[in-house]
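The sequence and structure come before the text.

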Amino acid sequence: MPLIRSSVACLLAFCCANAGAREYAYSDAHLHYVDFFQESAGMPKLLTAMKENRIEHVMISGIPVAKKWHEDEPKRPRYYAGDDADAYWYSATDVIVAAAVNKLTPDQRPYFHPFLSGFNPNDKNSAAHIQRMLDLNPGLWQGIGEVFTRHDDLTALTSGDTPRANNEAMTRIYHLAAENDLPVMVHSNITSKRERNPLYLAEIEEPLRNHPHTRFIWAHAGTSAEIHRHQTQLDFLLPTLNRMLEAYPNLFIDLSWSMLTPYLLDEQGAPRKEWLSLVERFPYRFMLGSDVVGRFNKLGKELHSFEPFLDALPEEIARKVARDNFLAVLPRTVR
């Protein structure tokens with residue numbers, strides 16, 4: 001009898017624990033509809049992945065560059081780092097995204113939030129190009145980005161000069177974004193693969209300071225998987241984010257996959273207390289992104305991998321990070 005009572009008690013405890021388990025609805029704040037060859041698995045697969053994984057809203061963008069299959073390469077590369085051939089700025093990526101979104105039914109359309117990315121961030125003509133795209137599709141575009149500025153080896157592979165988040169061409173774009181109430185997602189590495197200091201921080205901090213009326217989403221908080229291959233963890237990242245979030249109310253952080261480890265979770269998969277404290281201190285400033293590229297079979301896995309961290313936050317804050325904070329940075333007309 002004691003053994004039976006013990007088993008029943010354990011079963012009840014298990015059921016109660018699971019009854020109280022959280023289930024999140026998600027907004028994916030960082031999704032690329034196409035890959036570096038401008039190809040996609042297609043909208044039906046994206047819709048299926050969203051439905052199966054409680055993903056209610058997605059930021060949907062193209063890829064602003066296309067990888068060249070060079071004449072001297074016998075095999076087509078599978079990724080931008082597959083060989084030494086260039087990548088080049090590719091404006092038609094936005095046409096592909098617009099066509100896919102415009103084919104959605106009226107019931108589906110409110111859950112997709114297109115960001116415009118097909119422009120050269122070194123070209124001072126780009127602001128005029130963006131305005132033309134806004135005029136061609138009134139009400140379609142809800143943000144700008146992901147803008148590729150400092151971006152690991154892709155920076156060296158992309159034809160032309162190194163893009164910077166604080167150059168004059170981007171300054172014109174930030175003004176345009178503020179005028180049109182559009183958030184801007186910027187990929188701007190905080191440092192290089194080798195330097196153990198915030199080498200490029202000024203390139204993102206200067207526009208934050210100079211454009212207080214523009215909402216900035218900093219992709220991966222300036223980190224990347226390539227940086228982490230050479231530097232497992234950037235010790236200066238947490239204090240830098242603390243300071244910047246305090247100083248710039250127009251700064252928002254995309255916690256896409258390269259932030260999960262080694263920052264949000266430790267080697268055993270447990271949430272790090274110092275990062276929980278940061279999110280609790282700034283509960284409206286963080287959002288989740290899958291950063292998938294043209295394929296959607298791992299979409300749910302990428303977002304659900306944040307659940308140990310979300311579960312360690314107060315529930316109200318966790319739900320803001322999982323879904324609501326991304327929606328809050330969109331233009332007022334669609335919130």
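## Pockets, sheet and backbone

Helix H8 gives the most to the lining of the largest pocket, with 3 residues. The model is predicted: local features need pLDDT of at least 70, side-chain atom pairs count only at pLDDT 80 or more, and totals for chains, interfaces and linings use all residues. Residues are numbered from 1 along each chain as its sequence is written, and side-chain values use heavy atoms, with hydrogens and water left out.

The largest pocket has a volume of about 800 Å³. Of its 31 lining residues, Phe 36, Tyr 79, Trp 257, Asp 291 and Val 293 are the closest to the centre. Two or more lining residues come from each of strand E1 (26-32), strand E6 (143-148), helix H5 (152-157) and helix H8 (225-230). Helices (H or I, at least four residues) and strands (E, at least two) are DSSP runs, numbered from the N terminus.

Pockets and cavities are found on a 1 Å grid over the protein atoms alone: a cavity is a set of points where a 1.4 Å probe fits but cannot get out, a pocket is an open set with protein on both sides within 12 Å along at least five of seven lines, and lining residues have an atom within 4 Å of a point. Grid points are joined across faces, edges and corners, and a volume is the space filled by probe spheres set on the points.

The second largest pocket is lined by Leu 134, Asn 137, Pro 138, Gly 139, Trp 141, Gln 142, Asn 180, Asp 181, Leu 182, Pro 331, Thr 333 and Val 334. The count of cavities of 30 Å³ or more comes to 1. Val 65, Trp 89, Phe 148, Thr 149, His 151, Leu 154, Thr 155, Thr 158 and Pro 163 line the largest cavity.

The table gives volumes and lining classes (Ala, Val, Leu, Ile, Met, Phe, Trp, Tyr, Cys and Pro count as nonpolar, Asp, Glu, Lys and Arg as charged, and the others, Gly among them, as polar).

| Space | Volume | Lining residues by class |
|---|---|---|
| Largest pocket | about 800 Å³ | 11 nonpolar, 9 polar, 11 charged |
| Second largest pocket | about 170 Å³ | 6 nonpolar, 5 polar, 1 charged |
| Largest cavity | about 40 Å³ | 5 nonpolar, 4 polar, no charged |

An open sheet of 8 strands runs in the order E1-E2-E5-E6-E7-E8-E9-E10, with parallel pairing. Its edge strands, each pairing on one side only, are E1 and strand E10 (286-287). Two strands pair if DSSP finds at least two bridges between them. Strand E9 (residues 251-254) pairs with E10 in the parallel sense over 2 bridges, and Met 287 in E10 is the bridge partner of Asp 254.

UniProt, in an unreviewed entry, places the feature "domain: Amidohydrolase-related" at residues 164-329; such annotations may be inferred rather than shown by experiment. Over residues 164-329 the chain is 47% helix and 8% strand, with the end C-alpha atoms 23 Å apart.

Some backbone details remain. A cis peptide bond joins Gly 145 and Glu 146, with omega about 0 degrees, and Glu 146 lies in strand E6. Another cis peptide bond joins Thr 261 and Pro 262, where omega is about 20 degrees; Pro 262 is in helix H10 (residues 260-264). Gln 38 is not a glycine, yet has a positive phi of about 65 degrees. Gln 38 sits in the loop between E1 and helix H2 (43-52).
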